[in-house]
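Student: Could you walk me through how to read a few features of a protein model?
Tutor: Gladly; let's look at it together.

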Amino acid sequence: MKFSLFALAAVVATANAGRPQLSISVRDGNFDGLDGLDPTINWQGSASSGDVNLDYGIEAAARPTTDIASLPRNVWGKASTNVGGWGVSARAERDMSSDDTALEFDADNED
């Protein structure tokens with residue numbers, strides 16, 4: 001399974017020119033062996049489609065598992081554009097561990 005996790009990370013990394021960030025922290029104060037480490041991959045990117053700017057990202061666990069659906073911890077996306085002098089944006093964020101979803105809508109008149 002370690003090979004398929006590496007293959008998934010390679011595909012995700014090549015989907016965008018930006019590099020993912022890897023952070024390693026200690027889980028639950030457990031300092032015995034490698035089981036106490038909690039490696040996390042953060043990856044974000046951006047794109048444009050016409051006048052719409054898109055930003056997106058994911059935070060995922062970087063550990064060997066047979067259940068690949070358990071790896072994502074947080075997924076988010078944001079779309080923004082200008083409509084009639086108004087800066088309009090919509091953002092959605094999903095916390096996979098608690099199944100909480102946050103939606104944010106914003107309109108700002110620059111005048």
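Tutor: Let's begin with surface patches: they are made of residues with over 30% relative accessible area and no salt bridge, like charges being joined within 9 Å and nonpolar side chains (Val, Leu, Ile, Met, Phe, Trp, Tyr) within 5 Å. Areas come from the Shrake-Rupley method with a 1.4 Å probe, and for residues only the protein chains shown count as cover. This is a predicted model, where local features need pLDDT of at least 70, side-chain atom pairs count only at pLDDT 80 or more, and totals for chains, interfaces and linings use all residues. Residues are numbered from 1 along each chain as its sequence is written, and side-chain values use heavy atoms, with hydrogens and water left out.

Student: Which residues make the nonpolar surface patch here?
Tutor: Val83, Trp86 and Val88 do, over about 250 Å². Val88 sits in strand β5, residues 86-95 (strands are DSSP runs of E, at least two residues, numbered from the N terminus).

Student: Is Ser89 buried or exposed?
Tutor: Buried means under 20% relative accessible area, exposed over 50%, and partly exposed in between (1.4 Å probe, protein chains only). Ser89 is buried, at 14%, whereas Val88 is partly exposed, at 31%.

Student: How many salt bridges are there?
Tutor: A salt bridge is a side-chain nitrogen of Lys or Arg within 4 Å of a carboxyl oxygen of Asp or Glu. The count is 2. Arg91 pairs with Glu93 at 3.1 Å, and Arg94 with Asp99 at 3.2 Å.

Student: Where is Asp99?
Tutor: Asp99 lies in the loop between β5 and β6 (100-109), and its phi is positive, near 60°.

Methods: Helices (H or I, at least four residues) and strands (E, at least two) are DSSP runs, numbered from the N terminus.
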